[in-house]
Amino acid sequence: MEDSDYIIVGAGSAGCVLADRLTASGRHRVTLIEAGGSDRRFFVQMPLGYGKLFYDPAVNWMYSAEPDPGLAGNKDHWPRGKILGGSSSINAMVWIRGHRADYEDWGAAAPGWGWEDCLPAYRQIEDTEAGADAWRGRGGPLSISANRQGLHPLVGDYIAACGQAGLPENADFNGAEQEGAGVYQMTIKGARRNSTARAFLRPAMRRANLRVVTHAQVTRVIVEAGRAVGVELRRAGRVETLRARGEVILSGGAVNSPQLLQLSGIGPGALLQGMGLPVLVDNANVGAHLSDHQGINYTWSMRVPTYNDVLRPWWGKALAGMQYLLGGRGPLAKSINHAGGFFRTDPELTRPNMQLYMQAFSTLIPRNGERPILSPDPWSGLSLGLSNCRPTSRGEIRLASPDPLAHPVIRANAFATNHDVEEMLAAVKFLRKIAAQPAMARLIKEELRPGPAIASDEDLIADFRARSGTVYHPSCTCRMGADPATSVLDERLRVRGVAGLRVIDASSFPNIIAGNTNAPAILMGWKGAEKVLEDAP
């Protein structure tokens with residue numbers, strides 16, 4: 001293939017933004033390489049279709065973490081997008097930027113990434129239906145639904161119950177304050193998923209200076225005389241090379257980017273030597289500091305109809321399908337997480353440390369090879385879930401083999417600290433407090449999971465260890481920072497020890513943020529592109 005000025009590896013949440021911004025001026029030739037294929041699939045475009053993508057190897061890397069002592073020895077399923085748009089094409093579409101103090105933490109670790117640095121970028125990115133103000137933007141490339149129409153009636157009861165439990169309503173979690181209960185905004189436009197492939201990449205693909213290569217897996221970065229000069233990839237059974245006149249940018253995400261660095265000789269020296277790989281840069285931080293949010297659902301049977309009653313019977317599915325296809329309405333036009341919130345398990349905390357999810361829906365009966373969003377339980381069910389916002393447990397991503405096509409080892413190391421266990425214990429008790437409020441209690445028939453017999457602290461801890469799992473927010477495995485001893489990248493996202501090589505994706509986060517990580521991954525692509533262009537010859 002012809003040479004490029006910039007090679008971007010991974011067409012995900014950050015990679016699509018990079019491709020758009022780096023080609024906008026017309027001065028730079030960019031090649032974007034994606035291991036997966038097109039996002040033009042029905043269940044990708046239909047918002048609630050993501051349940052069908054959860055175990056679909058055609059669009060999903062289908063990773064599996066190692067058995068985790070913190071999760072009662074369970075092996076957790078880790079879906080990651082292998083498709084144009086990456087995980088923004090298979091996620092639940094909730095738009096959360098995080099608490100402003102999270103970005104102050106970023107700025108302390110990596111100058112130039114504080115809240116005052118990031119807020120203007122978010123406002124430029126957004127075209128929020130909720131309207132522009134001091135915190136939110138209009139007119140940007142990414143349309144964000146306010147999600148005010150067609151909500152399930154139980155949303156109002158949930159918000160009222162949260163208020164009765166001491167958590168007031170919040171109209172915008174991305175506004176002045178994050179704490180409170182309310183409706184989630186969504187990356188949905190015109191009843192279709194608004195992934196980064198749709199919002200950023202498709203417009204950029206009209207430009208002659210962008211080439212998108214799909215079904216091609218990059219196997220290593222080519223480094224000559226201390227500089228990244230290209231990549232080696234496999235496509236259609238062939239090994240090919242592509243050279244970059246400017247830079248190589250890895251945007252594979254928190255699993256693939258550290259894996260590719262290690263395959264390229266950049267990572268823990270002893271690990272690489274043991275696999276017969278040359279060590280170009282010995283940096284134990286590559287793949288370390290893995291941070292992720294752990295979540296759990298509590299489930300009740302209800303005295304009133306929920307989406308189980310709509311999506312379970314064949315006639316309900318048919319009706320929902322007609323609503324969606326003929327008018328872009330109904331449950332298929334939304335994520336299942338209509339509402340949620342953020343709260344503190346300790347009033348002495350200065351910011352929320354837990355996130356809530358409200359689903360007028362339940363799936364206690366498993367289905368092999370499917371996350372049964374479109375086939376719920378045969379009763380009226382409600383789920384209230386939560387995840388920890390700022391866990392202190394850390395895992396790692398490590399090569400399992402020098403074979404570039406082999407999945408890496410994922411050690412999540414969940415609930416490895418007393419801090420994480422204690423705050424989760426307090427959090428699950430708050431779920432029951434919400435359910436016990438008059439606004440909800442009158443509608444509940446019984447608690448199904450974990451059930452009223454699980455009452456002691458010991459039993460509650462055992463339950464959340466057995467039933468918790470990732471909420472699909474891995475990050476920080478190629479973290480940036482001013483301190484070379486604890487980071488992989490400098491504050492301009494450049495890999496230490498190799499010129500012409502950057503990592504720009506969720507793996508670059510200095511610390512995990514409070515909330516869903518798609519928005520900050522998009523931010524990383526936006527601000528990362530600015531830094532690449534500033535440094536361009």
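The structure is a predicted model, in which local features need pLDDT of at least 70 and side-chain atom pairs count only at pLDDT 80 or more, while totals for chains, interfaces and linings use all residues. Residues are numbered from 1 along each chain as its sequence is written, and side-chain values use heavy atoms, with hydrogens and water left out.

The protein contains 14 helices and 24 strands, where helices (H or I, at least four residues) and strands (E, at least two) are DSSP runs numbered from the N terminus. Its radius of gyration is 22 Å, close to the 24 Å that the globule rule gives for 537 residues, so the protein is as compact as a globular protein of that length; the radius is taken over C-alpha atoms, and the rule is 2.2 Å times the number of residues to the power 0.38. Along the principal axes, the C-alpha trace spans about 70 × 50 × 45 Å. Of the 537 residues, 62% count as buried, a term that means under 20% relative accessible area, with exposed meaning over 50% and partly exposed in between (1.4 Å probe, protein chains only). Among contacts (heavy atoms within 4.5 Å) with a separation of 6 or more, 70% are accounted for by residues 24 or more positions apart.

Strand β1 (residues 4-9) pairs with β2 in the parallel sense over four bridges, pairing being assigned if DSSP finds at least two bridges between two strands. Within this arrangement, Leu 32 of β2 is the bridge partner of Ile 8. In a regular strand the side chains alternate between the two faces of the sheet. Strand β2 (residues 30-33) is covered on both faces, with Val 30 and Leu 32 buried on one side and Thr 31 and Ile 33 buried on the other.

Two residues illustrate contacts between parts of the chain that are separated in sequence. His 152, located in the loop between β6 (142-144) and α5 (154-164), counts as buried at 9% relative accessibility. When residues up to four places away in sequence are not counted, His 152 touches Pro 305, Thr 306, Tyr 307, His 338 and Ala 360. By contrast, Asp 457, which lies in helix α13 (residues 457-467), is partly exposed, with a relative accessible area of 33%. Beyond its neighbours within four places in sequence, Asp 457 is in contact with Leu 425 and Lys 429, whereas Asp 457 and Asp 420, 37 residues apart in sequence, are 14 Å apart in space, C-alpha to C-alpha.

Most residues other than glycine have a negative phi, and most peptide bonds are trans. A cis peptide bond, with omega of about 10°, joins Arg 449 and Pro 450, and Pro 450 is found in the loop between β22 (444-449) and α13. His 215, although not a glycine, has a positive phi of about 55°; His 215 is found in the loop between β10 (210-213) and β11 (216-224) and counts as exposed at 54% relative accessibility. Cys 476, likewise not a glycine, has a positive phi of about 75°. The loop between β23 (469-470) and β24 (501-503) holds Cys 476, which is buried, with a relative accessible area of 1%.
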